[in-house]
Structures are given as C-alpha cells and as structure tokens.
Amino acid sequence: MTGNQRSKSFGPSRRNFLRNSAGAGLALAAGTRIRTARAAAEKVNFQLDWIPYGRHAPYYAALEKGFYSSRGLDVSIAQGRGTLQGIRTLIAGQSQFVFQDIGVMMAVRAKEHAQIKALACMYQKSPHTVFYIKGHGITKPKDLEGKRIAFSPGDSPKLMFPAFAKANGIDEAKVKWLSVDPNSKNAVLLNHSSDAMITYIFTLPVLQKAAQGGDVVETFVYSDYGADFYSDGIGAMEEYLKEKPEVARNFVQATMEGFKYAIEHPKEAIAMLKKHQPQLDEDTALKEIPLLRKLINYDHHDGPLGSVTEEKMKATQDLMIKYLGLKNPPPVAEMFTNRFLN
Amino acid sequence: MAAPSIGNNVETLPWIARVSRYLYPAVTAIIIFMIWEAVTRAGWVSSLILPAPSAIIATSFENFSLLMQMSGTTTAEFLLGFGLSVAIGLPLGALVVYSKPIELAIYPLLVAFQTLPKAAIAPIFIVWLGTGITSKVLIAFAIAFFPIVIDTVVGLRSAQPETIHLVRSMGGSPLQVFWYVRFPNALPAIFAGLKVASTLAVVGAIVGEFVSSDRGLGYLVLVANGELKTSLVFACVLMLTILGMVFYFLVEQLEGLVVRWHVSSRQIEAVGSY
C-alpha cells in the first residue's frame, strides 16, 4: 500500500477516481445510445479538389436544396489543396468521397495498392491548362522550355504535365518549376514572378479580370494539345462501397441532381455557393458554369449524366502508361463503376 | 566537493548524474523509435501516412546530396534572417531603453506588428519581394526580431540602480555605465532572446518557402508530399530538426564564450587600473 491511497470518501483518491469515471462512462454510454437512436442521417465527408469556386456550385446546390439531406445524408464539404492531398484523406478515412482527378486515382491505385474507384466523371475532357501572359516570349508549348512555371505540388496539372510535354515535344528538364501555395498562384502569374502557371481552365475568368496594365492572359488547354483524358470525378474506397452501397448510391444521385440544378439555374446555385464562400465574386463564378456544362457533356451525354465509358477510361490509362510511366496498371474495368448513377 | 545539483556546469557533477543527463533522454527516444518501427512494420499505419524510422533513414542516405543542396538554401535563408534580426533588434532594443520618445513611439507599433500572424502576411511579402531568397530572409527576420528586441530591453533595464549610481559617482560616463554595468547584466537576457530567435528564424524561412519557392527544404517537403514520397518528407523534417538544433547549440556556445570573454576582459581592466 503506497502513501498515496487515502480512505477518505471525498477529494482525490483512487476509489473516487474509479467511482467518478464509472459514473462518467455510464453517462456517456447512455448519451450515445440516445444520440444514435435520434440520428438517422449518415455523416459523410466530401473533399473537393481545390478551393471552392463557381465550378463547385453543384455540390453546394445539392447541399442547400436538400438533395443530400432528403436522402438521409449529412454531408460536410471540405476545401481541398490538390489531388494527392485529397486522395490521402480518402485513404486515411477522413473523407468518404473525394472529387479528384481520375487519372491520378488510377496512378495511386497502381502504385500504392489503394483500392480507389471512380463512381462518376464530371470533367469528361481534361480542363488542365497552361496560362501565360501574351507578349512575353511564349507563343507555342515548346516555348515553355527555359521558362518558370508556377505549380502547386501534388495537384493534377503538374502530375499530368509530362503527358502535355511529350505530346508537344517539350523537354521537361529545361522547365524551371516554381512551387507556389494554391492561393497565391494567380498573383504570382499576374505580377510576372513566373512566366506561366498551370491549373484548370476555370481560372481564366478570374485571371482575365485581375490582369494588370493591359496584360492579356492566354492558354494552352491540355486537351487541345494532344493530352486529353478523364479528369475529375467522384472517388471512394472499394471497402466503403462494399460496406455502404446505399450511402454511395444516395450520394452520387444527389450530387448529379445538384449538377443538373446548377446548370439549369446557375444564378441560384452560385448564390448557394456564396453562402459558404462569402468572399466569392459572383460574376466570375457565373462564367464558370458554361465551362462546366461543356466539360460534363451536359448536352451530349450517352447514358446517365457523369457516366464513365470503358473506352475513354482505357484511353486515359494508355496516356498514363505512355506519358507518365504508369506501371502495373489496374484492369480498367476495376477502376470505375456506373452502377450508382442509376 | 560541491553538493551535486542540476546546474549548468556538467563537469562538476559526479559521473553518474552526468551520464543520467544524456542516458535518460536517449533511452526514451530509442524506446519511442522502437515502438514507431514496430507499429509501421506491423502495417497498422499506411506507409503513405507514417513511414518507418528505418525507411526514413534509408531515404535520407539515398537522397543525401539532394538534402544537402536543399539544406544549403534554407540555411542561408535563416542565417541571413537571423543576422538581420540581430543587427536591427539589438540596437533597436538599446534605443528603446535610452530614449523615452523612441520607446513611446516604437514600442506599441512593435507589439502590433508582432501580433500579425506572419504566416498570413507571408503571401503578401512574396507578392512584394518576389519568389527569391529576399522574401524568405525578410519573413524570417519579421518573425525572429521581436524576441531579441524585448529581451534586450528587459536585459538592459535589469541592472541594479545602485550599481549604476556607484559607477556614476566614481565619474563614469554613460558609455562606461553601459559597458561595465548594463550590458553585462543584459547578456543572459539577450542570449535568451537570441536562442528563441534562432528557432523562429528557421520557422520563418520555411513559412516563406511554403508560400513560394523553387528550392530549399520547405520546397522539398511540399514537392515530396505532392508526389506521395512520405519518407522523403520525414527525411526533410529530420534535416530541419538537426539544423535547428545545431544552430541553437552554436548560439549557446557563443553565449558561453561571450560571457567568459566579457568577465575576463573586465577583470583585466580592473587589474590594469590599479
């Protein structure tokens, strides 16, 4: 018996600690039981690929219009900082669904044996773009040799750059890469700290509006220059899909409903986005919706909106193998499923 | 013999206390690393998220020259930032003590500047100063100089008034008061400020590199992270820890030298004046 034990029935003592923790434990258990009885909504974390802009309005529309909640989903939408960071949260179980680049999902699946699956594809053409300012020595892709390009480590325009480079004969070793925080990339291009910048085509309205001193912002869109592939879509882990297929179906369907709503009612959808992102500039955000409409093939899609074809998936994989040196590619059929879209 | 105590002078402790001082933290660290290695080998954590210590060491050796190259850049950034914060912080501290108008004018502004989170204004620094080494040095300076100013002020003010009066009564000039009384009294506090600033300067350099850079350990952390090379990320962190510790240790050694030199130079003066 140590001198620390006292037989008083109040104040610090081992007996009291046990008594109190047992009491606390019972209260907690009771509370939890009560809480789970009341809570029917499934908590879901959905991580985006980037800072929410106009192109992300569909998800916020689905949130605000109750498409998620009417299907029993309590969805939290989280801002992203790039593809690999987002995929990592998926692997770690911090998010149940991510909105990320399908080509990169494929690469991660092949390299790290992480069983990620694409459930839908929104950007059916790659929106990856090289932005540059006119009149500073860049007129064609090959001119990028020897220039400084601003990029954010881990985001898919950088990961997929080798495809664009090889398709246009650019020697990547001659490019000077400048790592920039995602939020500062626009500023770094516009104040000429870098000669070019890579991100998605959606940023064009923002850049054009903010360009100073008569600068004109020009683009090389990867898909126009020989590097076209499936880009962002919804991804989830196979394990989760086996465990909770109904949740996955509800999530995908609600999200596609959100898409339809946003494309048919852009102004309302942007207003809903603005509620969550008060700093958003509505006019530039609104300009992104027509771009979104084109990317998801809203007017020309075969099969349900957002569905993935094996053909283009194979083309995406071939590009990854040929230009990005993807090894041990997973069988294409395992990479995606359209079953939740119906 | 002096009774054994946990003092700064390791050499006078009996050998067992001296060994314990290094043994305890070393053994604890080894235990932590062994648990870490076991957990990662058992596969309980994905290597994408937490690599094994053995993998980190292996990656460090594989990429040794790259790590050295990147360390060079970051070291230059934080050394210059630290140097600048000393060059500006010490005189500024002295000015605040010796000039009431300056104290009243500058002090509140300094405090206001200090409360600005530098990570928030780092992107602005980058826009103003570009993406090269200047912006990183200035961010490191901005984060590191405040502790130096504060500790200099506190130190210089800590001299006992009686001692100052004594020197003045013996005909000492303000400069002699400064050199023989205020400054030596201030040294412990000043060096405390320098030690804090040394770690902050490293943070500042990394914050700058995170916002925008094309080389350095912060840059490598981001790029390796972006390519899912988690072992390399940890190798960079290890490198940064080593650099920070070496720098701190050097400042401590400098403190020992300066204090000893100052004491001995005063003794020589004192003897000489007989």
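**Group meeting talk: a walk through a two-chain model**

Okay, let's start with chain A, which has 14 helices and 10 strands. Helices here are DSSP runs of H or I with at least four residues, strands are runs of E with at least two, and both are numbered from the N terminus. Before I go on, this is a predicted model, so local features need pLDDT of at least 70 and side-chain atom pairs count only at pLDDT 80 or more, while totals for chains, interfaces and linings use all residues. Residues are numbered from 1 along each chain as its sequence is written, and chains are lettered from A and ligands numbered from 1 in the order in which they are written.

Of the 342 residues in chain A, 46% count as buried. Buried means that 20 or more other C-beta atoms lie within 10 Å of the residue's own; 12 or fewer makes it exposed, and in between is partly exposed, with C-beta atoms placed from the backbone. Now for contacts: two residues are in contact if their C-beta atoms, placed from the backbone, lie within 7 Å. Take the contacts in chain A between residues at least 6 apart in sequence: 80% of them join residues at least 24 apart.

On to the sheet. In chain A there's an open sheet of 5 strands, in the order E2-E1-E3-E10-E4, with mixed pairing. Which strands sit at the edges? Those are E2 (73-78) and E4 (116-121) of chain A, each pairing on one side only. By pairing I mean that DSSP finds at least two bridges between the strands. From one strand to the next, the twist averages 30°. Inside the sheet, E3 (97-101) and E10 (232-237) of chain A run antiparallel and are joined by 4 bridges. A:Asp101 is opposite A:Asp232 in E10(A).

What packs on this sheet? Helix H3(A) does, touching E1 (42-47), E3, E4 and E10 of chain A, and its direction makes about 150° with that of E3(A). For angles, axes are lines fitted to C-alpha atoms, for helices over the stretch in contact, and the values run from 0 to 180 degrees between N-to-C directions. Is H3(A) mostly buried or exposed? The rest of the structure largely encloses H3(A), because 7 of its 9 residues are buried. Among them are A:Leu84, A:Ile87 and A:Leu90. Just after H3(A), A:Gly93 takes a positive phi of about 80°.

Let's zoom out to domains. Chain A is assigned domain 1 (42-125 + 230-341) and domain 2 (128-224), with bounds from an automatic or database domain assignment. Their centres, taken over C-alpha atoms, are 24 Å apart. Where they meet, 22 residues of domain 1 of chain A are in contact with 18 residues of domain 2 of chain A. On the domain 1 side, the elements giving two or more residues are H3, H4 (102-112), H12 (282-295) and H13 (310-324) of chain A. H12(A) gives the most, with 4 residues. That side has 9 nonpolar, 7 polar and 6 charged residues. Our classes: Ala, Val, Leu, Ile, Met, Phe, Trp, Tyr, Cys and Pro are nonpolar, Asp, Glu, Lys and Arg are charged, and the others, Gly among them, are polar.

Now the chain A and chain B contact, which takes 20 residues from chain A and 19 residues from chain B. H3 (83-91), E7 (176-180) and H7 (185-190) of chain A each supply at least two residues of the chain A side. A:Ser179 stands opposite B:Ser213 in E1(B).

Over in chain B, the axes of H5 (118-129) and H6 (133-157) come within 9 Å and cross at roughly 145°. Residues meeting there include B:Phe125 and B:Ile126 in H5(B), and B:Leu138 and B:Ile139 in H6(B). That contact divides into 8 nonpolar, 2 polar and 1 charged.

A:His192 isn't a glycine, but its phi is positive, near 65°. A:His192 lies in the loop between H7 and E8 (196-200) of chain A, and is partly exposed, with 14 other C-beta atoms within 10 Å. A:Asn328 has a positive phi of about 45°, again without being a glycine. The loop between H13 and H14 (332-335) of chain A holds A:Asn328, which counts as exposed, with 8 C-beta neighbours inside 10 Å.
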